[in-house]
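Subject: Structure for your files

Dear colleague,

Here is the structure I said I would pass on. My notes come after it.

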Amino acid sequence: MNIYAGNLPYTVSENELRDLFAEFGDVSDVHLITDRYSGRSKGFGFVEMPQESEAQAAIDNLNERNVKGRNLKVNKARPRQ
């Protein structure tokens, strides 16, 4: 399942994001969205977890969790319109 992780602290790294989601199961991919010009994080990213049940557990437990002073927004990623 592809998971959207938003309202991330701008200082969070892909490895930190992977570790956060790995508490709930196998993480196959992490992609932190960065600004094309500055290279700084835009405060959101996507995490791919192959097991549906583990992905749902991550969503349920991480949504609204406070990380470095920010409450995460975590839900199932929707395809671009």
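The notes below go from the overall fold to single residues.

This is a predicted model, in which local features need pLDDT of at least 70 and side-chain atom pairs count only at pLDDT 80 or more, while totals for chains, interfaces and linings use all residues. Residues are numbered from 1 along each chain as its sequence is written, and side-chain values use heavy atoms, with hydrogens and water left out.

Overall fold

The chain has two helices and six strands, arranged along the sequence as β-α-β-β-α-β-β-β. Helices (H or I, at least four residues) and strands (E, at least two) are DSSP runs, numbered from the N terminus. The radius of gyration of the chain is 12 Å, which agrees with the value near 12 Å for a compact globule of 81 residues. That radius is taken over C-alpha atoms, and the globule rule is 2.2 Å times the number of residues to the power 0.38. The C-alpha trace spans about 35 × 30 × 20 Å along its principal axes.

Of the 81 residues, 36% count as buried; buried means under 20% relative accessible area, exposed over 50%, and partly exposed in between (1.4 Å probe, protein chains only). Among contacts between residues at least 6 apart in sequence, 59% join residues at least 24 apart, where contact means heavy atoms within 4.5 Å.

Surface and charge

The chain exposes about 5,200 Å², with carbon and sulfur atoms supplying 44% of it. Accessible areas come from the Shrake-Rupley method with a 1.4 Å probe; for residues, only the protein chains shown count as cover. There are 11 positive and 12 negative charges, and their mean positions are 10 Å apart. Lys and Arg count as positive and Asp and Glu as negative, while His and the chain ends are not counted. The place of a charge is NZ of Lys, CZ of Arg, CG of Asp or CD of Glu.

Salt bridges

The count of salt bridges comes to three, each being a side-chain nitrogen of Lys or Arg within 4 Å of a carboxyl oxygen of Asp or Glu.

- Lys68 and Glu16 pair at 3.3 Å, N to O. Lys68 is in the loop between β4 (66-67) and β5 (70-71) and Glu16 in helix α1 (residues 14-22), so this pair links distant parts of the chain, 52 residues apart. Glu16 is partly exposed, at 34% relative accessibility.
- Glu23 and Arg65 pair at 3.4 Å, N to O. Glu23 lies in the loop between α1 and β2 (29-34) and Arg65 in the loop between α2 (52-62) and β4, so the pair ties together parts 42 residues apart in sequence. Arg65 is partly exposed, at 28% relative accessibility.
- Lys73 and Glu64 pair at 2.6 Å, N to O. Lys73 is partly exposed, with a relative accessible area of 36%.

Single residues

Glu64 also has a positive phi, near 75 degrees, in a residue other than glycine. Glu64 is in the loop between α2 and β4 and is partly exposed, at 40% relative accessibility. Asn7, in the loop between β1 (2-6) and α1, likewise has a positive phi, near 60 degrees. Asn7 is partly exposed, with a relative accessible area of 29%.

Ala57 is found in helix α2 and is partly exposed, at 26%. Ala57 and Phe21 are 36 residues apart in sequence and 9.5 Å apart in space, C-alpha to C-alpha.

Regards
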